[in-house]
Amino acid sequence: MNSPWPLLITLTYVAIAMVIGLRARAGRSMNSLEEWGVAGRSMGPVTLYLLIAAGSVSAYTFMGAPGWAYSKGVAVFYVAIYLSYLALVAWYFGPKVWQFGEQFGHVTQASAISDRYQSPALGALAALVMAIGSIAYAVLQTIGSAYILFVMSGGLIPIWLGVVLVLACIAVYLYASGQRAIGRTNAFQGVLMLIVAWAVGLWAVHSATGGLSFAGVFERIQAEHSEFLTLPGAGGDMSFSFWTTSIIVSMFSFMPPVWTQWMSASSARTIRRSATWLPTYYVVILPMVVVGFIGIFSLPELARADTVVLEYAMQHLPVVLVGLLGAGTLAASMSSSEPFIHSVSLSLSKDVLQPVLKLSDGVTGKLARLLILPIMFLVVAPLAIAEPGSLVMILLVGLGFASQVLPAFIGMFFWPRASRLGVMAGIVAGFLITVAFTTLWPHPMGIHAGFWGLMLNLPVFVAVSLITPATHAEVVERFFRIAAPRGFTQRGRRAAV
Amino acid sequence: MERLLVLPTSRAGWGLFIAFVVLVLAGTWPVIGWVNRATLVMGLPLLVVWSYLVIFACVVVMLIGNRIVERDDHE
């Protein structure tokens, strides 16, 4: 690719994102956890909608999802379904988490766990292990960002330089404006991704079929490759059980940045309103996936499935659209990596270093801002440049663990009798099974490893909770006044809290 | 601790709970098996159309939920 336009457009996007991120601070001091961590709990419904939407739509939507369509077919739509179920999760749990944060001063997920079970050790454990999955996720997104810069520059920006450039840009505005920068930049990135996805998708359909209807694409797929239109897909590996258990496990993976986003809302009602409309954003996936289907008959010999949209764009689309695609893909990867880096820094400072080093809130606030630098340049950057083959495995194990924290949330929202030891035992049992069924015997019987983990985790959690002491009654009452504001259903009658 | 589980406490709450369960069932097996056919509806694969029906049904259920929550005036 010889034109300078794709790189110029992509770098223009980066410059705009930086300006927006830096201006988000608006003269406020960012040295408190409340301000840097959760934007002073101030975000309105539109910003929150775009914050959560752009955060959940990663480079996967622009690269991985079309790649799945190209190699497997309609199986990729499990992602759109589970993202919508995550909106249901946000609608129900988000307002309660916001109230916990507002009333009890939590700024992280691990703080809430630590408080509910009166166990800083459990909070620190949750923070540390969630950090593994979060960092792996941020590394994968950073690799995607660097790859985009490499392609858009025609190879002039090597991967290592792309990694450093992208992380440096994020570091500047994340340090300066914290969660406010994430909110504002994600809002911009969310709108950009939606426009780019539909512009690229429709243009690609027009170049492939001569019209703007997706029907031409799918009629050809139906005639020539109908196995792409059903499960288990062209690869034969997306069974009903894997589809179902992947959705359920993903739905119950309460990742820490999502909690931080909920706690950043201006009110509980704001979260509910944003969550209500959140599924509408996932129309962003459809046009990108259609380009993946076009690739089935246009680029049959592609070596890497996840480059299908980029390859098709470079061969058939005008350079301006290629540049916009670069900007959109970069926006997707940056908007997903920055909340994870922010959340790791926030949680390690608040839930691990503060209790261990007995730091004041003021010092912890400053530490959280500074900690993004070693996390980015000593952990994320070397891993992204080295691209270890086991990274996806680390991510899978990390996400599998995220779902194993489910008992902690059951005890927070549904079951007052849950005990600290019950939660710990459930997490450990579930985590071991998830690791074993991810690495040694991947997804037995076509069922997601995290689902197997939950099947052991939940009975262990219940059994150990019933034989070990519950948390102090006044703590449980405090949480369940929010989790169950109208009391409990108890053996067919209502009981007040 | 005498209390057992947090469950809906009103008829509207139970209705909403059932709607949430139905939505999750609609997007998973066995329901997803019933729409797993290589046919096109409005030019799109049936599974894709079904996926987006489930997605927009989530919006409708949450809109109804908002009315219930705001009518009852509690968070």
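**Notebook: cavity and A–B interface**

I found that α7(A) contributes the most to the lining of the largest cavity, namely five residues. I was working on a predicted model, in which local features need pLDDT of at least 70, side-chain atom pairs count only at pLDDT 80 or more, and totals for chains, interfaces and linings use all residues. Residues are numbered from 1 along each chain as its sequence is written, chains are lettered from A in the order in which they are written, and side-chain values use heavy atoms, without hydrogens and water.

*Cavity.* I took a cavity as a set of points on a 1 Å grid over the protein atoms alone where a 1.4 Å probe fits but cannot get out, with lining residues having an atom within 4 Å of a point. I noted a volume of about 70 Å³ for the largest cavity. Its lining includes A:Q109, A:M130, A:P256 and A:S347.

*Interface.* I counted contact as heavy atoms within 4.5 Å. Chain A brings 59 residues to the contact and chain B brings 45 residues. The buried area, meaning the accessible area (1.4 Å probe) that the two parts lose on being put together, summed over both, is about 4700 Å², with 70% from carbon and sulfur atoms.

*Salt bridge.* I looked for a side-chain nitrogen of Lys or Arg within 4 Å of a carboxyl oxygen of Asp or Glu. The rule gives one salt bridge across the interface. B:E70 pairs with A:R269, and their closest N and O atoms are 3.1 Å apart.

Notes
On a 1 Å grid over the protein atoms alone, a cavity is a set of points where a 1.4 Å probe fits but cannot get out, and a pocket is an open set with protein on both sides within 12 Å along at least five of seven lines; lining residues have an atom within 4 Å of a point. Grid points are joined across faces, edges and corners, and a volume is the space filled by probe spheres set on the points. Helices (H or I, at least four residues) and strands (E, at least two) are DSSP runs, numbered from the N terminus.
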